[in-house]
Amino acid sequence: MGRKLSSLALFGTILAGLFGYLYYVPNSEGVEQMDRIRLLSAAMKLIGFVGKVSETFGFPPAWYIQRNSGLILKKLKPAEIITDIEIRDTTIEGVPVRIYSPINFKNEKTKFLPAVIFYHGGAFYMGSVDTHHPITRDLARQTGFIIISVEYRLAPEHHFPAGLDDCMKVTKYFLNTNNAKKFHIDAQRIAISGDSAGGNLAAVIAMRFASESISEIRPRLQVLIYPVVQFFDLMVPSYLTPALHIFHFGRGGQVLELYTGKSISDDILANNHTSLEQRKTYRKYVDWSFIPKKYRQVYKEPISDEMEGNAELIKNAKLVLHRDISPLLVDDSDLAKLPPTYVLTVDHDRLRDEGFIYAGRLKANGVKVVHHHFDNTFHGSLTFLDGLFELNIAHTMLNDIAKYLKENL
C-alpha cells in the first residue's frame with residue numbers, strides 16, 4: 001500500500017510539474033486573452049520538446065517537426081466554406097502561388113484591380129501559403145484587392161538565395177503590364193508585403209527594385225509586419241529585454257545556419273560574428289537613437305564595438321551582413337529611394353527595435369512612412385485570426401493593415 005501511495009505521489013508531482021511548465025507564460029502582464037495564449041504556448045512547448053526528442057534519437061530533425069506541426073495544427077481547424085472570394089492555386093515562373101480574387105469583378109473586362117504580393121513568415125525554414133492563409137484570405141476580403149501568396153522554397157533544403165529568387169520571379173512577373181492584365185491586375189498599383197522573415201524578403205525586394213534597373217514599374221508600397229531587417233547587432237534592447245515569447249524553437253544561430261548553410265554558433269547573440277572593421281562600417285546603420293527612450297533607458301549604450309569577434313564565426317557569418325539578408329545595412333541614399341512604407345511592430349518581440357530603426361531611418365530620408373506599434377502582444381500574433389487560438393489583437397492589426405492598403409494603393 002505504501003509503495004502504491006509513493007508511486008501515486010511521484011506521478012502526481014510529475015504531472016503537477018508538467019502542468020505548471022505548460023501553463024506558465026512569463027512576462028505576460030497586460031496581455032489579453034491569456035487563456036488562449038497559455039494553450040498556444042503549451043502547444044508550442046510540446047512541439048519543441050517532440051522536435052528535440054526526435055532529433056536526439058536520430059529521427060527527423062527538430063526543424064522538420066516544427067515546420068510540419070504548423071500544417072498539422074492547420075488541418076485540425078474545421079473546413080471553411082468561402083463564397084465571397086475565388087481562391088486558385090497555380091504557378092508563376094515555376095513558383096507555386098495562391099491567388100485570391102473578388103468573385104464578381106471579372107465580369108467587367110476593362111476593370112483592373114490593385115494587388116498585394118505576400119511573402120509568408122516562418123524564419124526562412126517554416127511557414128507556407130496554408131499557415132498564412134487566414135492573413136491573405138482576410139486581406140482579400142477587407143481590401144477587395146487581388147492577393148498573391150508566394151510558396152517560395154524553404155531552407156535548409158534550399159539555402160539563400162533560393163527563396164528570395166522565387167519571390168523575385170513572381171514579383172517581377174506581375175510588375176510587367178502584359179502579365180498583370182492576364183490576372184486583371186493594375187501593374188502600377190502593386191504592393192509587396194510579408195511578416196517576419198517574409199517582411200525581410202519584402203524589404204530586400206523593395207530595395208532591389210528601387211536601386212536596380214529590374215523593370216520600368218516598381219512596387220508602389222511595401223507593408224512590413226514585424227520584419228527582420230538586420231543581423232549586425234543582436235544586442236539591441238529588444239533582444240535582451242525579458243518578453244513574452246511563444247515560439248521558442250531552435251538555438252540562437254539556428255535560423256541563420258539553416259538559411260545560409262554555414263555553421264553559425266550562438267556566439268552571434270553576443271555580436272561575436274563581426275570584426276572591428278565591420279563594426280566601424282555597419283554601426284551607423286543600426287542607430288539606437290531611433291529606438292524610443294523607454295526601451296533604451298534599461299541599457300546605457302550599445303555593446304562595445306572595440307572588441308574583435310570570433311574569427312571562424314566572422315568568416316561563416318559574413319553573408320548575413322549582405323544587403324540581401326540585412327536590408328537595413330545600406331546607405332541613406334539607398335533608403336531614400338524606397339516606396340511609401342507601412343511598418344508594424346509589437347512590444348514582445350526581439351525584432352521590435354530594428355523595426356523602429358528601419359522606420360526611423362526611412363522617415364529621416366524623406367520616405368513616407370506609417371509606423372504603428374502594438375503593445376501587449378507578441379511576435380507572430382497576426383497569424384491567429386481564426387480557430388482555437390483566435391486573438392482579438394490579430395483582427396485589430398489586420399484591420400489596420402487593410403485600412404492602410406485601401407487608402408494608399
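Which residues does UniProt list for "active site"? The unreviewed entry lists Ser196, Asp349 and His379. UniProt positions follow the numbering used here, and annotations may be inferred rather than shown by experiment. These residues are spread over 184 residues of sequence, yet they cluster in space, with a largest C-alpha distance of 10.3 Å.

This is a predicted model, where local features need pLDDT of at least 70, side-chain atom pairs count only at pLDDT 80 or more, and totals for chains, interfaces and linings use all residues. Residues are numbered from 1 along each chain as its sequence is written, and side-chain values use heavy atoms, with hydrogens and water left out.

Take Asp349. It lies in the loop between β7 (341-348) and α14 (352-364). Helices (H or I, at least four residues) and strands (E, at least two) are DSSP runs, numbered from the N terminus. Asp349 counts as buried because its relative accessibility is 4%; buried means under 20% relative accessible area, with a 1.4 Å probe and protein chains only. Leaving aside neighbours within four places in sequence, Asp349 is in contact (heavy atoms within 4.5 Å) with residues including Tyr226 and His379.

Now His379. This residue sits in the loop between β8 (369-378) and α15 (392-408). Leaving aside neighbours within four places in sequence, its contacts include Ser196, Tyr226 and Asp349. The side chains of His379 and Ser196 are joined by a polar contact of 2.9 Å. A polar contact is a pair of N or O atoms within 3.5 Å; within protein, one must be able to donate a hydrogen and the other to accept it, and residues adjacent in sequence count only if both atoms are side-chain atoms.

Note on methods:
Buried means under 20% relative accessible area, exposed over 50%, partly exposed in between (1.4 Å probe, protein chains only).
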